[in-house]
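Take a look at the structure below.

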Amino acid sequence: MRPVADGAVNILVKEPGRFFGLCLDVFRAMFKWPFQWREFIQQAWFIVGVTVVPTTLVAIPFGAVLSLQMGGLIRQLGAQSYIGATSVVAIVREASPIVSALLIAGAAGSAMCADIGARKIREEIDAMEVLGINPLHRLVVPRMLACAFIGLFLNGLVSVVGIVGGYVFNVMLQGGTPGAYLSSFSGMAQLPDLYQAEFKAFLFGLTAGLVAAYKGLNAKGGPKGVGDAVNQTVVITFMLLFLENFLVTVLYSQFFPAKGM
């Protein structure tokens, strides 16, 4: 039973401890001068290139499906005028930050992990340390902040596209009225909803960047190890995102109760 016990200790204690230590080191490296603006801009542009189109394509059917499903349920309850309100709750509060974070983790995070992992197995990271260059300050901090920064804009994009898609499908396919949709939307919407979604997107972006950096810096075993690290990055990031989303939503509901009609 010793191998099983050692594996359980590694997963439950050692790996979270190493990840937490990396987070502290990255936080300290954030305040070192000079900031790597060139790397930050390059990574942000790369993330935009690999996530904007998939995010838009996912947001359109997402808003449409929510509108169609919730519209049918609300129509059975005789409350057709509240379809716009469901878009606020479902898309702005929950769907947009989750969709943005999943695409950042799946597209950008996996590419970041592969890049850092390849540098690790080619011993470029060790060479940087020998030269006195902190790889966290040079490589990890710009990538992490680029994920968080672009996550804010992707969240806004998903919100706008999802709500417009829900509006079009509700009015065109379900016979809803534009006035009822917009009035219920404005009746339940409040600025803290947007603030919460933006905070979630920023937090999810930081998480995706940190997990990708951690798995990339600990890749071993050649190209196969890099591939395994990429797969682990996506899975671990998804699990952490859903946990963080639950915690933030619970705290938000306690401090900012839902707005009445």
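Contact here means heavy atoms within 4.5 Å. Helices (H or I, at least four residues) and strands (E, at least two) are DSSP runs, numbered from the N terminus. This is a predicted model: local features need pLDDT of at least 70, side-chain atom pairs count only at pLDDT 80 or more, and totals for chains, interfaces and linings use all residues. Residues are numbered from 1 along each chain as its sequence is written, and side-chain values use heavy atoms, with hydrogens and water left out.

Start with the whole chain. It has eight helices and zero strands. Along the sequence the pattern reads α-α-α-α-α-α-α-α. Of the contacts with a separation of 6 or more, 87% join residues 24 or more positions apart. Buried residues (under 20% relative accessible area, with exposed over 50% and partly exposed in between, 1.4 Å probe, protein chains only) make up 42% of the 261 residues.

Now turn to helix H7, residues 191-217. Its 27 residues should span 39 Å at 1.5 Å a residue, and its end C-alpha atoms are 39 Å apart, which agrees. The expected span is 1.5 Å times one less than the number of residues. Of the 27 residues of H7, 19 are buried, so H7 is largely enclosed by the rest of the structure.

What does H7 pack against? Two partners are described here. Two packed helices are described by the angle between their axes and the distance between the axes. Axes are lines fitted to C-alpha atoms, for helices over the stretch in contact, and angles run from 0 to 180 degrees between N-to-C directions.

One partner is helix H5, residues 135-173. H5 and H7 pack at an angle of about 150°, with their axes 7 Å apart. That makes H5 roughly antiparallel to H7. Angles over 145 degrees count as roughly antiparallel, under 35 as roughly parallel, 65 to 115 as roughly perpendicular and the rest as oblique. Ala, Val, Leu, Ile, Met, Phe, Trp, Tyr, Cys and Pro count as nonpolar, Asp, Glu, Lys and Arg as charged, and the others, Gly among them, as polar.

The other partner described is helix H8, residues 222-255. The axes of H7 and H8 come within 9 Å and cross at roughly 155°. H7 and H8 are therefore roughly antiparallel to each other. Their crossing is right-handed. The contact of H7 with H8 has 13 nonpolar, seven polar and four charged residues. The 34 residues of H8 should span 50 Å, and its end C-alpha atoms are 49 Å apart, which agrees. Buried residues in H8 include Gly 225, Leu 241, Glu 244 and Tyr 252.

Zoom in on Thr 207, in helix H7. Is this residue buried or exposed? At 7% relative accessibility, Thr 207 counts as buried. Leaving aside neighbours within four places in sequence, Thr 207 is in contact with Leu 240, Leu 241 and Glu 244.

Finish at Gln 43, in helix H2, residues 37-76. Gln 43 counts as buried at 13% relative accessibility. Beyond its neighbours within four places in sequence, Gln 43 is in contact with Met 112, Arg 143 and Ala 146.

Methods: Left-handed = near helix turned anticlockwise from the far one by under 90°.
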